[in-house]
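Please consult the sequence and structure shown here.

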Amino acid sequence: MFEFLARSLEASTIFTLAALGELVGQRSGILNVGVEGVMLFGATLGFIAAQVTGSFLIGFLVGILIGGLLGLLHGFFSITLGGDQVVSGMGIWIFGFGLTTYIGNPFTGPLGMGRIPKLWGVSPFFYLSIMLIVLTRFVLTRTSLGLKIRSVGENPAVAEVSGVNVTKIRYLCVTVSGMLMGFAGAVYSLDYNPVWNYNFLMGWGFIALALVFFSMWNPLILLGGSLLFGALWQLSLNPQLVLPGVLSRYVWRMAPFAITVVVLMLMSTRWFRRRWGAAKPEALARPYAKE
Amino acid sequence: MQKGLLAGIKHGEAALETRGITKRFPGVLANDRIDFEMKAGEIHAILGENGAGKTTLMNILFGLYQPDEGEIYIGGKPVKLRSPLDAIDLGIGMVHQNRKLVSAHTVLENIILGHPNAGRILNLRRTAKEIEELCARYGFKLDLNAKVWQLSEGEKQVVEILKALYRGAKILILDEPTSALAPPETKKLLASIQAMARDDLAIVPFITHKLPVVLAISNRVTVLRGGRVTARLETAHATEKGLAKEMVGREVIFKIERAQVTRGKPILQVENLSALGNKGFLALKGVSFSVHEGEILGIAGVSGNGQYELAEVLAGLRKAAGGRVLLDENDITHAGSLARWRHGMGYVPSERVDVGSIGDFSLVENVTMNFYFDERYTRRGFIDYRNLGKLTEELIAEYNVAAPGPDTPACSLSGGNLQKIILARVLSRKPRLLIANLPTQGLDVGATEFVRNKLMAAKKAGAGILLISEDLDEILALSDRIAPIYEGEFMGLLAAEQTPRERVGAMMAGVRPEEPKP
């Protein structure tokens, strides 16, 4: 039972990191639906770098770096060129899926480097992800930078006349956002499940994306959501652990996605928004052009 | 950029000066050698119609546009304003008419956004205290922790003023400062502005047509017309008539001939009607009234008090939350719009561009939208464009619409001309009941006169008209009866001719009449 709990916390860590990245970007008004693509890149290149150099540190750094670069690329499309953010994000996903499959194929198989030591029985990244949640919440609600980020996401024109450099803030957020996603990918492939094979991520990036909407853009609710989904995911891998013999594992594996769909549908109803208030950044996915 | 040019400026010292400001846009000379100067402690109004170049000048002073020629001096020194940030750094504050505030954030967060002294980690307690001191000094009452979307237009304006003052503005540009305020609110604001002038701020209100405000508040006034300064005078020597003449270039008739029509039977009867606003709260809280043949019922109110929802419910664009609507004694409470048009209702929406027309469609197609269901212009389900083209041409001629022809896209028309075509297509159907929501908002004096005369003519022809307007003078000039609306309720139902202006003004601000009619 402890093993199950520990593994679900580790699964939730990856959701937390990736979704937190997405949340930071969205609070500044940039939607990146290509979370899965960025994670695939971070995971695959991090995996290869670690295996080639024999260093976990380099693996993680490469994952974070490539994530940051993809974030910048998404920023270039959506901020500088003012393009459609959904199109750019989908592009990143398709590109990521294709290219990482091609690059990673020769490396199919286990990492073969031993495991990263646990801290109190759980991966150290779990504790790091909690700290990042707290930090992000503090920055967003209590600091001048956070106020600027939120304002840029709500109403960039107002931020601009108040002396905030919208372009700079958005680039900052979208880059940090990509770095967190790339890091999440690297944590998956180097720590959670250090084996590379075809389509190893199986849509985790999309769950992370949905989690941001689920969280109503609040890092603390986001944490709760990822803990829940981490447990659901773990349950779907070994349903016999908790409820032996009830339903096939394939039905269980579908559960996180089915729940995501239901939750998102509920949240998009008028009733829900009226009840809980619309916390969605007003300028989300809208390009901003100076007057 | 030299900061602090205005630090320690004293009463009567030169604050702001422009020399020969010229700005051209393709095909338009928006500002033509504008000279303007003002001192600390002065309130210097800039008056002009739409298209007189006010907005351009304002944007130049706030660093949004760069002038093609001419210089700007602040505190006697030449400066270049490359962006609003430059202007803010130099001590220029701007109070925008279309409020530049983040509506999901609190008042406090809006005021300190981008403020250099906000601190890396926000010190909300200290900043709140400083802002409260400003409020006390100038007589503003405001909950700093309220979210901006909860505020009235007047309160939002106060937030903008506080934001500029907290940023250390010494020159305050006010864009149409009283346009969204009820008369008592206006009075309060004017008192606050005068208190700021006593503290040696230089204040520049830009005003389109509220001449009494100009006379009440300013020390000097500069009038713009066609991008040029046509008059510059001490307010003490100015009269309303004289200013209007300088502004328009001809004598303006302020009175409109009120057609005397005997009131007929009721067309529209509304009983206890209520509706939700966009935020999901009850915006219209049970109003009852009727509109008769040959009558204009004026709904007077500051925007956001439920009149918009009322117009939409009557037009069938918004669900009624309760109550009944009878049109010629048919219950149409839940009828669709088309059924209402067929019953003889006409609708002039307040959003000319978004609801009143489709910009990419030609004028014929836009006119068609009111006729596609009319047997005279359809044949076995097909639209008779030839006839409609003829009709559109006639309407363009009759209403003096400045458009090359019926095939012009609607988006190429100016606001006034677009409004004329919208009004033309509705009135040509000879509606028995017309709902006109802000029919003259944003129009210049000429187009306003035209629209008002057309409404009066429709009334004379026997139509009942529900006129919704924020302009109290318009309501008083046109209506037979007046219903001031405040927070979704009627404050009363008055006969226009016996009601003094002040009384309607007070009721618009929520003051109920002392003696309710039995």
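## Basis

This is a predicted model, in which local features need pLDDT of at least 70 and side-chain atom pairs count only at pLDDT 80 or more, while totals for chains, interfaces and linings use all residues. Residues are numbered from 1 along each chain as its sequence is written, chains are lettered from A and ligands numbered from 1 in the order in which they are written, and side-chain values use heavy atoms, leaving out hydrogens and water.

Helices are DSSP runs of H or I with at least four residues, numbered from the N terminus. Axes are lines fitted to C-alpha atoms over the stretch in contact, and angles between N-to-C directions run from 0 to 180 degrees.

In chain A, helix H5 (residues 124-142) packs against helix H8 (residues 166-192) at about 165°, with the axes 12 Å apart. H5(A) is therefore roughly antiparallel to H8(A) (an angle over 145 degrees). Their crossing is left-handed (the near helix is turned anticlockwise from the far one by less than a right angle).

Phe125(A), Leu128(A) and Leu132(A) of H5(A) meet Leu180(A), Phe183(A), Val187(A) and Asp191(A) of H8(A), contact being heavy atoms within 4.5 Å. Six of these residues are nonpolar, none is polar and one is charged (nonpolar: Ala, Val, Leu, Ile, Met, Phe, Trp, Tyr, Cys and Pro; charged: Asp, Glu, Lys and Arg; polar: the others, Gly among them).

## H9 and H12

Helix H9 (residues 204-214) and helix H12 (residues 249-267) of chain A pack at about 30°, their axes lying 10 Å apart. H9(A) and H12(A) are therefore roughly parallel (an angle under 35 degrees), and their crossing is left-handed.

From H9(A), the contact involves Ile207(A), Ala210(A), Phe213(A) and Phe214(A); from H12(A), Pro256(A), Phe257(A), Thr260(A), Val263(A), Leu264(A) and Met267(A) take part. The contact of H9(A) with H12(A) comprises nine nonpolar residues, one polar residue and no charged residues.

Conventions:
Helix = DSSP H or I, 4+ residues; strand = E, 2+ residues; numbered from the N terminus. Parallel < 35°, antiparallel > 145°, perpendicular 65-115°, else oblique.
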